[in-house]
Structures are given as structure tokens and as C-alpha cells.
Amino acid sequence: MTDFVFWGLFLACGIVVVAYVVWMWWEERR
Amino acid sequence: MTLQMWIFLGYFAVVFGIGWYSLRATRGETDYWIAGGDLGWFAGGATMAATHTSAGTFVGTIGVMYTVGWSFGWVLLSIPLSYWFMVAVLAPRFTRQKELTVPAFIERRYYGKGIRGLSAAIILVATVVYIQAQIVAGGLIANTVFGVPTTVGMVGFTAILLVYTVVGGMMAVVYTDAFQLVVMGLGAVFAVPLALRQVDGLGGLLTLVESAQPHVFTFQAVPLTLLLTMGLSFFLGGIATPEKLIRLYAMRDMPTIRRGVLFAVVMILALNLLVFLLALAAIVLFPALPTGDLAMPMIATAVLPATLGSIMLAAITAAMMSTVDSLLIVAGSALSVDIWQNLIDPDVSPGGRMWIDRLGIFVVGTVPVLLLLSGVGEGELVQFIVLLFTALMAAAFLFPVLGGVLWRRATREGAASAMVGGLVATFIWEAYGSPDVEPVLSGFLVSGALFVTVSLLTPPPPDTALEPYFD
């Protein structure tokens, strides 16, 4: 449980940032 | 003079230097209120991140996490999502027509000077209260570093803030914010490894926290409804606050805004995660603090060596000042541009305008400290009022701003009733509603319902009001 609650937050933040970068790239290619 | 004092004096000298440079670079009202509207992604993103991060992050957030555990940290995810929504949905239309203030947008979209005055009044009251609470924090820091009474510290901090903000306007705010962000980053980056060393590294920290306080790494410490509604209110509340919207006007164009917000989000997430780690360290090192708000001061004084401790205090000061200066700009422009020049004295000369601009910030900045000195709004109550007023501002502006650029049928009457209704509903929930649900949610619901219903019941807006924002 500790691993999920603790490291999961870092992973989730990373995923959101990467998703934003991909969106930004896609938005500017259109 | 101690080393601590030298560090602080050097820090203030840099801030004043930037204020002086900004005065020379400011040539007109556009420069003064939106930094020329031509900021690049680095300056724009840095000022967003620095404004977002207040003394609350370094004292309040760490305190909450110390008390309720890591599950609170997950609420953090609502912040990047909120910024993303703002950039993807709101910004492209909102920035088509640049204004100097958010109430000016309200007047153009909602075709009325009265509603512009109403929104300016809401901004004024909410920011004065917010500034008050941050200045109290400043007084406490001055007391720790210089040994002066807290009242002297409060007056001193206000004077410093006012000098560079009145003189340099938004230019000074943007460039000092970038510097303040560096100071905050340094504070957090130095503090974490030192705190971790005292608890046998990260692995040791996790084991120690788990054995001492097993609830910390579970989702049971806080009611799940409260976590979810907190996340939702951070998300909704973050989309359309005036100090963020004005930064959209200050940046050059949409690609710059997208990059700037990416930079801001990365910095906000990194700063918060570092502060969260400090909260865990405090749980192990100081297990029995009477209040979580003492966690950060304890780390700054008992864990860090004197030099780093004062950098940490400078970081908290930086967080405080970079938020207050941005609110001063928003509130000062509400007073001098939206209320004085717009409603009371429209024929003021261009030379007189700049004078009124500066006077507005001066008045808005001195009122909170005068109120504090006369004994209004001290102690616990302030924190409560701050949360309430941030909620009020969010509830008042979300629908009129977002709905204004997305929905052609939104009318002046709809927007005005959404603002007032959002305020009243938030107040009522705060007083009588369940404490497990954030009060601002009721504000959003009522505000949204009134916005839609009243808009549909009143005559549609004229084409001139829609033309800047719709194809």
C-alpha cells in the first residue's frame, strides 16, 4: 500500500506532465 | 549583524534593483498593468508559478500533510489539470482581445459599466483580506530573523512590497517573481537532502513513518468525499482567478502561454513534492507538535544549519511576497482603472492616469496593514477568512469568465447573478453546511445554475459584445 500511495503520486504527476507535452506538440502540429 | 541578516539584506537589495530597472522600462499603462503584454514563456511561467506558491504552501500545506498524511498529496493532481483546462479551453478565446484588467473583460463581454464595478469590488475585498493573512506571516518571519516586534515586521514588509510594486508595476512583479521562484527552489532543494540525512535517507524515512504513524500512507485518514471535493474545488477554483487571467494577457501569444504554463506546472509540482517530503521528515523528527503549522519553522530552525535555515526563511518570504505583489496589481488596477477611471473620473488625462495607477496600489497595500495595526483580523480567524475569500473569488469568476467566452447566450444579468449567487451560497455552506464537503462547491453549483437560468430568461447579448470572442 505504501508503495502505491507514495510512489504513485510521483508517477501520476509525471504522467500528467508528459500528457500535457504530447498535447502541446499535437496542438501545434495541427 | 548576523549572517542571517546579511542574507536577507542581500535578498531585498536584489528585489529593489529589479524594481528600479522596471521603473525605467515602464513607458505606459500597458507596461504598468500587463508588462507590455509581450512576455516570453520563461518570465510568464515563472511569475505564474511564484504567484501560485504562497506562504501557505510552505507553512499551511506542510502542516496539513503533517496532520492528515500523504493522501492529501494526491489533491495536488488537480492543479496541473486545472492549468491544462485553462490553457486548452479558456485561454484561446479569452486572449483574442487583450485588456488591462479582468473587470475590463467583464465590461466588454457583458456590455455594462455596473457589472465591471461589481467584479472590481469583489476583487478588492477578497484580495485585501488575503494580503492581510500573508502579511501576518511576514511579521512572524521578521520577528525570527531580525528580532523586531511582529508589528514592525508587518509594516516593514508592506513598505518593501509597496516600494517595488508601486514603482515598477507588473514589470517589477514579473521579474522579481522569477527571482523569488529561484529563492524558493533553492530553499526546498537544499532542505530536503539535509532533512533526509537525519532519517537514514528516503528508504529509512518511509520505514520510520510507516512504523510510527501507519495511517500516513493510507486513504483512510481523511474522508474520501473531502479529498475528492477538495480536488474538485482546487480544479474549478484554479481555472479563472483574476491574478492568473491577467498573466494570460501579459504573455505574448498562445504558443508562449502553452509553454509558460508547462514551465509553471513543472515548478509547482516539484516545489510541492519537495515540501511534502519535508512534511514526512517532520512527522518522524517532531512527532508531537501542537499544530502542523509549526512543522516548517521547526525544520528551518532545528534541522538546517543557520545559513540554510535563513535561506529557507527567505524562501518562505519569497513565496509570500511573490503572491502579495501579484494580488496588489490585480486589486490596485481594480481600484484605479475599473472603479476610479471607469466609474468616477472617465476624463482623467493620460498623465493623471499613471499617477492614479500608482496611488491605487498604494491604497490597496496600506489598508490591510492599517486594519491589522488597529486589531482587525488577527489570529486563527485570518486563515479561515483567507480560505473563504479564495473560494468566494473562484465561485464569483468561474462561470462569468469561462461561460462568457464559450457560450454566446450568456447575458449581463446572468453573469451578475452568478457572481452574487456564488458568493452567497459559499457563505451559507461555510456557516451551515457539512464540513466533509468543500463550501466552494455549493458556490459553483448555485453560481452555474443562476448563470444559465437567468441568461436564458433575459434578452440575448448584442452582437458587439460577442464579436471579439466568437467567430
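In chain B, 83% of the contacts between residues at least 6 apart in sequence join residues at least 24 apart; two residues are in contact if their C-beta atoms, placed from the backbone, lie within 7 Å. The model is predicted: local features need pLDDT of at least 70, side-chain atom pairs count only at pLDDT 80 or more, and totals for chains, interfaces and linings use all residues. Residues are numbered from 1 along each chain as its sequence is written, and chains are lettered from A and ligands numbered from 1 in the order in which they are written.

The secondary structure of chain B consists of 19 helices and 0 strands (DSSP runs numbered from the N terminus, H or I of at least four residues for helices and E of at least two for strands). Chain B has a radius of gyration of 22 Å, close to the 23 Å that the globule rule gives for 471 residues, so it is as compact as a globular protein of that length. The radius is taken over C-alpha atoms, and the rule is 2.2 Å times the number of residues to the power 0.38. The C-alpha trace of chain B spans about 65 × 50 × 45 Å along its principal axes. Of its 471 residues, 54% count as buried, that is, with 20 or more other C-beta atoms within 10 Å of their own C-beta, placed from the backbone.

Two helices that pack against α14(B) (residues 306-344) are α1(B) (residues 3-25) and α8(B) (residues 150-197). Axes are lines fitted to C-alpha atoms over the stretch in contact, with angles from 0 to 180 degrees between N-to-C directions.

| Helix pair | Axes come within | Crossing angle |
|---|---|---|
| α1(B) and α14(B) | 9 Å | roughly 35° |
| α8(B) and α14(B) | 7 Å | roughly 145° |

The crossing of α1(B) and α14(B) is right-handed, whereas that of α8(B) and α14(B) is left-handed; left-handed denotes a near helix turned anticlockwise from the far one by less than a right angle, and right-handed clockwise. The contact of α8(B) with α14(B) has 21 nonpolar, 6 polar and 2 charged residues. Here Ala, Val, Leu, Ile, Met, Phe, Trp, Tyr, Cys and Pro count as nonpolar, Asp, Glu, Lys and Arg as charged, and the others, Gly among them, as polar. On the α1(B) side of its contact with α14(B) stand B:L3, B:Q4, B:I7, B:F8 and B:Y11.

Between the chains, 15 residues of chain A are in contact with 19 residues of chain B. The chain A side comprises 12 nonpolar, 1 polar and 2 charged residues.

Note on methods: A residue is buried if 20 or more other C-beta atoms lie within 10 Å of its own, exposed if 12 or fewer, and partly exposed in between; C-beta atoms are placed from the backbone.
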